[in-house]
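Thanks for making time for this.

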Amino acid sequence: MPQALCDDLLARFAALWNLYGPTETTIWSAVQRQQRGQAVGAGSAVANTTIFLLDRHGQLAPDGAIGEICIGGDGVMRGYLDRPELSAAAFLPDLLRQHGALAYRTGDLGTWRADGTLAVMGRRDRQLKLDGFRIEPGDIEAALRALDGVADAAVTLHAGGGAPLLVGYVVLAGVDADGQPQALQRLAGQLSGKLPRYMIPGRFMALPALPLTLNGKLDQRALPAPDWPAQQAPSRQPEGALEQVVLQAWQQAFGRQDIGLDDDFFAIGGHSFIATRIHAQLARVLRGKVPLSQIFEASTVARLAAAIVAHEGAAGEAMRLAQATLAVQAMTPEARAALRARAQR
């Protein structure tokens, strides 16, 4: 149940109950009476029902962690008619009961809240994988909905215009069309500190409403693709050899020439593999004087160049190495070959 619908119904009626459960466990298995100011939740198991969460390794998920919701108890059906392979995949032993009782793997993700109630976080099959990280879109969507001015949200992964990119779709409340660009620009900063950097969408789009299927669920296929801007020359030019060398490393690692001094690493689709390429290039030029972590922390070319100087404590050495690199790049191929030959001797 969307939070906005819950709040609207609470304003109209004396009581509102949220019921959760799939057909395989006889329609509903958990219930919560919603209160004003309370986040929507599935509540607690009904009588003669067990609910537990499994992590990706098939072990019981610890309190506060997200896991797959499994439901056991008297309401669990025996299996799918004439589909033994499907039944074997969907049912497992009930870890909270004895004597061969079965539990149903719902495919839904959930977590136990501090008050012991169940919160449903979305579908397991919506899980995304980006740069080796497993990302639950529901976590990001919940964080977005908790922000002031965001009525609803959806997150998905798009590929285009470069590396795969997380895109956040938001329904803004109380923001007119003129104010939407500024509101979207603030979202990434508002999520900082709430989510890891790899979970913060690199692009946000405002929609009047999220597209839904006939049964009221998110229609991911109807989410519009983001507009990938055409490559353009950066507006601000590097100041000094060090910024120039850092910018070259970024452009080579991303395979793009339109990167500017103030483009954010994560916003343009950066991830750890690209950071490793940048680090390797700068390590060759600056003789290993750049910690890999600085690429994530100082996430623009300009800030990274300044961080290199601050880390070294002496701008002269970094600048000298950068200038030497640019001087070699400016040489003719014959001159570079002669320089290498002298170095080998």
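Predicted model: local features only at pLDDT ≥ 70, side-chain atom pairs only at ≥ 80, totals over all residues.

The structure holds 0 disulfides, where a disulfide is taken as a pair of cysteine sulfur atoms within 2.5 Å. Buried here means under 20% relative accessible area, exposed over 50% and partly exposed in between, using a 1.4 Å probe and protein chains only.

Residues are numbered from 1 along each chain as its sequence is written, and side-chain values use heavy atoms, with hydrogens and water left out.

The largest pocket has a volume of about 1800 Å³, and of the 45 residues that line it, M1, P2, V120, G122 and R145 are the closest to its centre. On a 1 Å grid over the protein atoms alone, a pocket is an open set of points with protein on both sides within 12 Å along at least five of seven lines, a cavity is a set where a 1.4 Å probe fits but cannot get out, and lining residues have an atom within 4 Å of a point. Points are joined across faces, edges and corners, and a volume is the space filled by probe spheres set on them. Among the elements that each supply at least two residues of the pocket lining are α1 (3–10), β8 (118–123) and α3 (137–145).

How many cavities of 30 Å³ or more are there? The count comes to 1, and the largest cavity has a volume of about 40 Å³. Its lining is made of L109, M121, G122, R123, R126, E136, P137 and G138, with β8 giving the most, 3 residues.

Finally, the cores, each a set of buried Ala, Val, Leu, Ile, Met, Phe, Trp, Tyr and Cys residues joined through side-chain atoms within 4.5 Å. In the largest nonpolar core, of 28 residues, V246, W250, F254, F265, I278, L282 and L304 touch the most other members. The elements giving two or more residues to this core are α5 (241–254), α6 (272–286) and α8 (301–312), and α5 gives the most, with 8 residues. Apart from this core lies another, of 21 residues, including L144, V150, A153 and L195.

Notes
Helix = DSSP H or I, 4+ residues; strand = E, 2+ residues; numbered from the N terminus.
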